[in-house]
Amino acid sequence: MVKEPRPGRVKTRLAAGIGATAAAWWFRHQTARLLRNLRDPRWQMILAVAPDREGLRSRIWPADLPRWPQGLGDLGDRMGRIFRALPPGPVLIVGADIPGITPALVRDGFRALGDHDAVFGPAQDGGYWLIGLARRRPVPPGLFDGVRWSSEHALSDTLATLPDHRIARLACLRDVDTLRDLRALAAAGQGSRSDRAPRAACP
């Protein structure tokens, strides 16, 4: 899931520490690096873009990657729409602001869906950097209902909407929302192209 990297539109909390232009620059280059790193013949990569019209016309993203409009609503509405609209089969959704995502972790996510109904990549702040569904059965109509987004409850709230699902978890990673996050990643050396990028410790 990607947003057009315009100053003032993306990474607003990071912008409070480094400025809107620098935050948009960071997001644009982080996303470009992530897309290069995750290209792999074992899966198809699709960009879910926002805002819809601008994202579909954008020249920022690689022209060869398929694009889907995220549509309206909160994050749960938009992710639920993706899960329900794609052709049958396992689907993983990841954010673009997680430097530690590697092909090995994506592979682990798909492998986990072989014997689980859902998989999560927890984030240090109580949210998650990845969610995947095997989709061997219909997507639950109540998926994401009542989730407190952008809070330490996002993962636990989402799990509560999947009470009868077998859940797998991947490594915990740190997303970049603030200057403090950016400094912590720089200190840890995270964001490299290595499949052994440092992990965070989840509470």
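Biologist: Is Ser150 buried or exposed?
Modeller: This is a predicted model, in which local features need pLDDT of at least 70, side-chain atom pairs count only at pLDDT 80 or more, and totals for chains, interfaces and linings use all residues. Residues are numbered from 1 along each chain as its sequence is written, and side-chain values use heavy atoms, without hydrogens and water. Buried means under 20% relative accessible area, exposed over 50%, and partly exposed in between (1.4 Å probe, protein chains only). Because its relative accessible area is 74%, Ser150 is exposed.

Biologist: What is the phi of Ser150, and in which loop is Ser150 found?
Modeller: Ser150 is not a glycine, yet its phi is positive, at about 55°. Helices (H or I, at least four residues) and strands (E, at least two) are DSSP runs, numbered from the N terminus. By that numbering, Ser150 is found in the loop between β6 (128–133) and α6 (154–160).

Biologist: Why does Lys11 count as buried?
Modeller: Lys11 lies in the loop between β1 (2–3) and α1 (12–18) and has a positive phi of about 50° although it is not a glycine. Lys11 counts as buried because its relative accessible area is 13%.

Biologist: Which side chain makes a polar contact with the side chain of Gln30?
Modeller: Gln30 belongs to helix α2 (residues 20–38) and is buried, so its relative accessibility is given as 2%. A polar contact is a pair of N or O atoms within 3.5 Å; within protein, one must be able to donate a hydrogen and the other to accept it, and residues adjacent in sequence count only if both atoms are side-chain atoms. At 2.7 Å, the partner of the Gln30 side chain is the side chain of Arg33.
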